[in-house]
Amino acid sequence: MLAGFLTPSGKGLPSAKPERAAAGHADGARRRVAFGRCGDHGCRAAGCARLLRVPLGRGGATDATGMRGETFTGPARRSAKAPKGLPGAAVQRSIEKANIMTPGWQRFALGDARITTILDGTRHADGPHPTFGKDRSQEEMAALMRANFLPETRFVNGFTPTLIELANELVLFDTGFGESGTANGYGKLVERMAAAGTAPEAVTLVVLTHLHPDHILGLMTGGQPTFPNARYATGAAEFEWWTSQEARTGARAEMAKTVESLVVPLRDRMTLLRDGDGVAPGITALDAPGHTPGHMVFEVESAGQRLMLTADTANHFVASLQKPDWVVGFDMDPQKAIETRKRVFDRIAAERIPFIGYHMPFPAIGYAEKLPDGGYRFVPVSYQLAIAGEKG
Ligand SMILES: [Zn+2]
């Protein structure tokens with residue numbers, strides 16, 4: 001979303017507190033797990049590199065959330081825990097189906113696709129005003145927060161990439177902070193993907209909704225692509241703008257430099273998208289400019305079910321959605337962002353389809369109800385997707 005929020009140093013936000021420190025956990029967890037080839041994810045593609053996390057020794061690794069890895073481990077452990085008379089596979093399926101809140105990732109089905117949202121990190125910061133409601137008073141924002149049972153001068157911002165598993169593609173939308181964020185407790189995407197059973201090598205396509213730092217810093221690790229077998233896609237207008245003379249010499253030169261070092265080297269494996277382009281089977285890119293010049297949203301359809309990935313069209317589940325026409329300081333073209341917000345969420349509300357927003361509260365999935373005053377109420381998903389297709 002915005003520069004101050006999106007740099008791992010938290011520069012410009014001296015009061016920002018990172019998610020609970022986890023660097024030690026991350027290292028410890030890595031030492032304590034081994035990876036084995038996946039035996040149950042249903043992919044029969046030759047050379048599939050999908051890996052499953054298998055805890056070593058007793059107890060499993062503890063995540064930064066304090067929850068223990070053994071609660072959602074691989075098939076062996078699940079089988080070992082199966083009650084007498086109940087086959088392990090059934091237990092495994094029931095765990096998947098239960099759609100339980102897990103440490104930093106959540107998985108659900110959309111038709112034949114499997115979708116996992118993964119929390120790269122959260123930031124506690126001052127606000128939402130004046131970043132949100134820049135053209136309004138703190139009092140107006142405070143009243144809105146109070147009405148929604150939220151603090152008036154502090155808020156939490158989440159960063160949630162999404163993984164979509166199709167028959168022959170594993171598509172990752174946005175990459176979080178990567179190694180540059182780990183000192184501050186961000187950059188957990190790869191670690192949490194492993195916990196969810198997916199190695200970075202398995203990703204076949206990385207889609208960048210736009211090229212702000214919190215969406216692209218995870219592209220490289222140690223100067224090498226984090227997802228070594230992936231192709232890439234991003235908006236043509238987005239790529240063209242960030243690599244333009246205007247971007248490289250203007251107020252956003254620092255961000256343009258990040259694009260230059262992380263995105264441009266991947267150009268020969270990158271598809272530049274136009275409005276309406278297909279990204280993968282059932283996934284369509286749509287122009288949604290304003291937050292950035294070439295920001296895109298994505299419609300996902302599988303077996304008759306649909307959802308939208310709205311990326312940074314709305315960046316606070318109350319301030320941006322209930323008041324879509326309030327100016328957001330870091331929307332690069334605020335008026336265009338307002339038009340886009342209304343257009344995208346009018347459609348989501350009218351069609352009653354779920355959406356995933358990169359900065360929505362984890363697991364970052366919900367519905368939008370149109371309010372009489374023109375705003376939208378965020379309705380978090382509960383069990384709707386878990387039972388879609390079941391007959392009542
Ligand atoms: Zn963002």
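Guide: Two strands are said to pair if DSSP finds at least two bridges between them. Helices (H or I, at least four residues) and strands (E, at least two) are DSSP runs, numbered from the N terminus. Residues are numbered from 1 along each chain as its sequence is written. This is a predicted model, in which local features need pLDDT of at least 70, side-chain atom pairs count only at pLDDT 80 or more, and totals for chains, interfaces and linings use all residues.

The open sheet has 7 strands in the order 4-5-8-9-10-13-14, with mixed pairing. Its edge strands are strand 4 (105–110) and strand 14 (270–273), each of which pairs on one side only. On average, neighbouring strands of this sheet are turned by 20 degrees against each other, direction ignored; such angles are taken between axes, which are lines fitted to C-alpha atoms, for helices over the stretch in contact, and run from 0 to 180 degrees between N-to-C directions. Strands of a sheet pair through backbone hydrogen bonds, either parallel or antiparallel. Strand 13 (residues 231–235) and strand 14 run parallel and are joined by 4 bridges. Gly 235 has Leu 273 as its bridge partner in strand 14.

Next comes the nonpolar core. This term denotes a set of buried Ala, Val, Leu, Ile, Met, Phe, Trp, Tyr and Cys residues joined through C-beta atoms within 7 Å. A residue is buried if 20 or more other C-beta atoms lie within 10 Å of its own, exposed if 12 or fewer, and partly exposed in between, with C-beta atoms placed from the backbone. The largest such core has 87 residues, and Val 171, Val 206, Val 207 and Phe 298 touch the most other members. Helix 6 gives the most to this core, with 5 residues. Residues are in contact if their C-beta atoms, placed from the backbone, lie within 7 Å. Leaving aside residues up to four places away in sequence, Val 207 touches Val 171, Phe 173, Ala 233, Val 279 and Phe 298.

The loop between strand 9 (170–173) and helix 6 (189–195) holds Asp 174. Although Asp 174 is not a glycine, it has a positive phi of about 70 degrees. Asp 174 counts as buried, with 26 C-beta neighbours inside 10 Å. Phe 149, in the loop between helix 5 and strand 7 (154–159), also has a positive phi, of about 60 degrees, and is not a glycine. Phe 149 is exposed, with 7 other C-beta atoms within 10 Å.

One runs from His 129 to Pro 130, with omega near 5 degrees; Pro 130 is in the loop between strand 6 (121–126) and helix 5 (138–147). Another runs from Phe 362 to Pro 363, with omega near 10 degrees, and Pro 363 lies in the loop between strand 19 (355–357) and strand 20 (365–370).

Finally, a word on confidence. The predictor's confidence in each residue is pLDDT, from 0 to 100. The protein chain averages 81, and 74% of the residues score at least 70. Confidence is highest in strand 10 (residues 205–208), at a mean of 99, and lowest in strand 2 (residues 33–37), at 31. Over residues 1–86 the pLDDT stays under 50.

Methods: Two residues are in contact if their C-beta atoms, placed from the backbone, lie within 7 Å.
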